[in-house]
Amino acid sequence: MAPPGQLLPLTRSLLPPFLSARRRPTRAQPPPPPPWQPRRLLCSAPLQPLRPLARTRPASASPAASAAGGGEAQAVAAEFMTSERVKVAAMLGLALALCNADRVVMSVAIVPLSQAYGWTPSFAGVVQSSFLWGYLISPIIGGALVDYYGGRRVMAYGVALWSFATFLSPWAAGRSLWLFISTRVLLGVAEGVALPCMNNMVLRWFPRTERSSAVGIAMAGFQLGNTIGLLLSPIIMSRAGIFGPFVIFGLFGFLWVLVWISAISGTPAEHPQISAYELEYITKGQKLVKPKVQGEKLRKVPPFSKLLSKWPTWALISANAMHSWGYFVILSWMPVYFKTIFHVNLREAAWFSAIPWVMMAVLGYVAGVVSDRLIRNGTSITLTRKIMQTIGFVGPGIALLGLNAAKSPAIASAWLTVAVGLKSFGHSGFLVNLQEIAPQYAGVLHGMSNTAGTFAAILGTIGAGFFVDRMGSFRGFIILTSLLYFSSALFWDIFATGERVDFDGTG
């Protein structure tokens, strides 16, 4: 057998006679026998009775082959659902759920706090944005720490710190307003490491063809945290006071840290219970930068100037900025929107605002599965990321225009559900793309784009409050947000790529 890529020599045994370069010598044919003489059969073996031909199925129609293909797919799915790496994704999802629950509780508490202290919408926007002040710089620092120490260790410290800040909030509020705001700033500082840690752990634990699904699982927890915070906070407040949710969510964070440090390892090779099959499957499916993942340290100062010199970096920064603008505006102001536009009570406003996040959790996972399937079926990574991100921007832009025209809270909630649900397709766009264009700098690159996103979130959150103060309505601000979605989709489609970018000048 010839090695792959080498043609077999052309021999007479492989070629039909009419393609052979050498003609076979012709023999003189004997004269035909007379008509009265019986013809002799040209076979020496005695004739055998004819047997009916057995019917054969084509290979494509073989039920055994079909069953084998289906069985293999089911086996892969079963292996994934019982694997150690899916446990990592589930724990990441729980951490991000706590991250958002601790964050979103202020969106509900801001209404009774404003009534109790007489805050204007503008000052309420300042209080809500205090979380973002701490979140502004920490993603860059946290991303560098993640690239250097790994996601497992940094995530443990981050969750412990933001849970402490949440648990401390009632005590701080009893002392002074600015001390209470300081705990929200500390919350933002600690939560800045969450998404870079998630990306780092997905990069280490999942092959390329499963990363979108893994991010979908983790981000589903992120969105369910919104739902948990928005739905449970009014119930807990009615029984335990305004600050009851802060205490309960903080305690759950401490419990998560204990499970994380005892059950999860930083890399698959370090896990004591991982099977040899799963370890080999992960290793074969990864295309990582070997020195950066297998224990060797990154240089301490990332090449910021080189990172910022490439258009794909700016595509990521632009996408994250727009994602954060829309995300935090919806997260922070939708309960107030439903209360002021449609005059519903606080609990109803929380319900109307929570339903879309459930849809975002579901569609985020669906988008991840579809994205991985497109790549496995031969669609380029670049085209896949552009398709997903375009849906994640154009879809919400159109839906927000529908929200603006809604005449009832039910219709408005339906449009908001469409907007937030389609927004989740961006998790299989820019959020996974961070790992692809710079795996060795995924953490710091995520931090840089997150910082830009935080600037946009602060501007959007405070801007919405001032806009309502000046114009008396949210409608103009929603139109502005919709136009920004469309322009961001165009910028992404022009400059984004799914291929690795040379940031070190080595190629």
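**Ground rules.** I number residues from 1 along each chain as its sequence is written, and side-chain values use heavy atoms, with hydrogens and water left out. Because the model is predicted, local features need pLDDT of at least 70 and side-chain atom pairs count only at pLDDT 80 or more, while totals for chains, interfaces and linings use all residues.

**Cavities.** I searched the whole structure and found 5 cavities of 30 Å³ or more. A cavity here is a set of points on a 1 Å grid over the protein atoms alone where a 1.4 Å probe fits but cannot get out, and lining residues have an atom within 4 Å of a point. Points are joined across faces, edges and corners, and a volume is the space filled by probe spheres set on them. The largest cavity holds about 160 Å³. I counted 16 lining residues there, with L195, F222, N320, H323 and S324 closest to the centre. Helix α13 (311–341) gives the most to this lining, 5 residues; helices are DSSP runs (H or I, at least four residues), numbered from the N terminus. By class I get 8 nonpolar, 7 polar and 1 charged residues in the lining, where Ala, Val, Leu, Ile, Met, Phe, Trp, Tyr, Cys and Pro count as nonpolar, Asp, Glu, Lys and Arg as charged, and the others, Gly among them, as polar.

**Core.** Next I looked up the largest nonpolar core, which has 115 residues. Such a core is a set of buried Ala, Val, Leu, Ile, Met, Phe, Trp, Tyr and Cys residues joined through side-chain atoms within 4.5 Å; buried means under 20% relative accessible area, exposed over 50%, partly exposed in between (1.4 Å probe, protein chains only). L92, M198, W256 and W260 touch the most other members. Helix α2 (residues 84–117) gives the most to this core, with 17 residues.

**Salt bridges.** I found 5 in the whole structure, each a side-chain nitrogen of Lys or Arg within 4 Å of a carboxyl oxygen of Asp or Glu. E84 pairs with K87 at 3.2 Å, and both sit in helix α2, about one turn apart. E84 is buried at 12%, whereas K87 is partly exposed at 42%. R85 bridges to E278 at 3.1 Å. R85 is in α2 and E278 in α10 (residues 276–284), so this pair ties together parts 193 residues apart in sequence. R103 meets E191 at 3.2 Å; I noted R103 as buried at 6% and E191 as buried at 0%.

Notes: 1 Å grid on protein atoms, 1.4 Å probe; cavity = no way out; pocket = protein on both sides within 12 Å on 5 of 7 lines; lining within 4 Å. Helix = DSSP H or I, 4+ residues; strand = E, 2+ residues; numbered from the N terminus.
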